[in-house]
Amino acid sequence: MRTFAYARADSVERAVDAQHAQQAGAFVAGGTLLLDLVKLDVMRPQQVTDISALPMKEVAFVDDDRLRIGALVTNTDLAHHPDVRQHYPLLSQAILNGASTQIRNMASTGGNLMQRTRCPYFRDVAAACNKREPGSGCDAMQGINRMHAVLGGSEHCIAVHPSDMCVALAAIGATVTLQGPDGTRDVDFGNFHRLPGETPHQEQDITDDELIVALTLAPPLAPQGAAYVKLRDRASYEFALAAAGAMISLDGDMIGEARLALGGVATKPWRCAEAEEILRGQPAETATFERAAEAALADAQPLEHNAFKVPLARQAIVRALRDATRDAKEGHA
Amino acid sequence: MKDYSEHSPDATVPVHLTLNGEPVSVDVTPNAILLDVLREQLQLGGTKKGCDHGQCGACTVHVDGIAMNSCLRLAVMCEGQEVTTIEGLAEADGRLHPVQQAFLERDAYQCGYCTPGQIMSATAMLDDERIASDDAAVREAMSGNICRCGAYRNILAAIQDARQQMQGADPARSDLASEVRS
């Protein structure tokens with residue numbers, strides 16, 4: 001394992017300054033992503049700045065009914081937080097569908113937003129990967145691409161965004177607050193993760209010397225039902241082949257507001273705006289859900305080994321919408 | 001709040017831990033992994049290295065009472081923290097922790113390599129009121145610990161036995177536990 005210098009930050013300002021002075025620095029909080037990839041020699045930081053002691057661990061409503069989550073809140077604490085369970089059940093469900101107990105205990109909210117793909121060619125330094133080494137090519141394109149994206153890919157990269165939590169965030173809506181050397185700025189969650197296009201190595205709208213300090217959720221949809229359906233190769237502790245997060249509010253038997261996002265099939269957390277439009281004002285029944293699923297997958301571009309993801313994602317969507325509707329009828333929230 | 005500090009890649013950094021209840025100081029390089037420091041510098045070989053990438057759970061320890069993969073944690077980040085390993089679970093007089101005893105009684109292992117990690121996850125889970133007590137919830141909460149011998153049924157039975165034991169009740173068995181025993 002490569003060596004690196006280490007700095008322990010005692011303030012956000014000092015953490016950002018320490019990073020700003022580095023050519024190849026990295027922040028560490030939970031360490032579950034960084035140390036995995038350093039061991040694989042995929043990430044090669046020359047300095048690691050430890051932010052784990054910074055005061056970014058609060059979860060609280062701000063005055064306009066939006067929940068503000070400190071970047072260091074662990075996945076476990078966020079999933080079990082009473083306000084999240086009550087007002088954002090989709091977020092709680094999605095987090096608990098991801099990783100393992102130990103990983104969730106360590107992993108931070110900010111770190112989850114910075115999570116990198118599980119594409120085996122990205123993780124293998126002997127393979128060609130435009131995300132890891134710009135311009136080197138993409139071995140997944142003609143390789144074993146069973147796990148790869150059917151939505152949002154480019155000729156340069158088809159790596160799937162791995163997060164479950166971010167699927168819920170895409171459906172809920174959120175703002176990411178970053179702090180850099182020149183102060184703070186807010187980025188809409190929907191724009192935070194980038195499509196690979198011609199620059200798959202530029203994964204998020206964040207510079208090397210900016211730190212995620214907080215995430216602020218959009219006001220909760222109420223009343224709502226929520227469901228996260230994740231389909232994978234084993235029952236637990238596995239990344240999604242296809243996942244769907246849905247929120248539904250009902251107006252009698254008709255759908256009022258609908259939110260839908262996908263995981264496991266796309267290069268970024270995938271909000272399905274057209275499908276949501278199809279759902280609004282329509283009867284909350286299977287035929288409607290199937291139409292929405294068709295629309296959500298209309299642009300899918302399957303590869304040699306992953307065409308099965310299209311019908312699988314369709315089923316995940318229909319099930320998530322059906323379960324969210326049932327949840328809404330049972331009078332949640 | 002810990003003070004600001006900076007350390008070059010080759011320098012060693014003193015780290016002060018409470019390790020299995022005892023104060024310990026150890027000098028580590030910035031890139032030293034907690035798992036390796038426990039095994040190779042502190043001579044505690046009970047914590048096992050399986051995948052070394054957070055995928056198998058063999059390295060599970062408690063940091064400030066919380067189950068973590070010690071293979072994905074920098075030792076230097078544990079400054080001032082309490083670390084508990086499998087060596088720290090039994091009583092000073094040698095009496096086993098109820099989870100250890102239940103693993104023995106239920107034969108909840110074959111080769112035993114994953115067992116320390118299984119037990120560290122189980123003890124943390126039994127102390128966590130946010131995790132439900134039914135068999136499905138236990139299986140889900142334990143899914144970060146892989147057993148390649150496939151001793152899962154007896155591991156589950158042992159954990160549910162230990163739960164009853166720790167609640168001071170008769171070891172009434174869960175449905176699955178009774179099924180395994182009979």
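Reader: If a contact means heavy atoms within 4.5 Å, what share of the contacts in chain A between residues at least 6 apart in sequence join residues at least 24 apart?

Author: That share is 64%. The model is a predicted one, where local features need pLDDT of at least 70, side-chain atom pairs count only at pLDDT 80 or more, and totals for chains, interfaces and linings use all residues. Residues are numbered from 1 along each chain as its sequence is written, chains are lettered from A and ligands numbered from 1 in the order in which they are written, and side-chain values use heavy atoms, leaving out hydrogens and water.

Reader: How many helices and strands are in chain A?

Author: Chain A has 13 helices and 12 strands, taken as DSSP runs numbered from the N terminus (helices H or I, at least four residues; strands E, at least two). Its radius of gyration is 20 Å, close to the 20 Å from the globule rule for 333 residues, so chain A is as compact as a globular protein of that length. That radius is taken over C-alpha atoms, and the rule is 2.2 Å times the number of residues to the power 0.38.

Reader: New topic: where is Ala99(A)?

Author: Ala99(A) sits in the loop between α5 (89-96) and α6 (101-106) of chain A, and it has a positive phi of about 55 degrees although it is not a glycine.

Reader: And is Gln43(B) buried or exposed?

Author: Gln43(B) is exposed, with a relative accessible area of 59%, whereas Ala99(A), at 28%, counts as partly exposed. Buried means under 20% relative accessible area, exposed over 50%, and partly exposed in between (1.4 Å probe, protein chains only).

Methods: Contact = heavy atoms within 4.5 Å.
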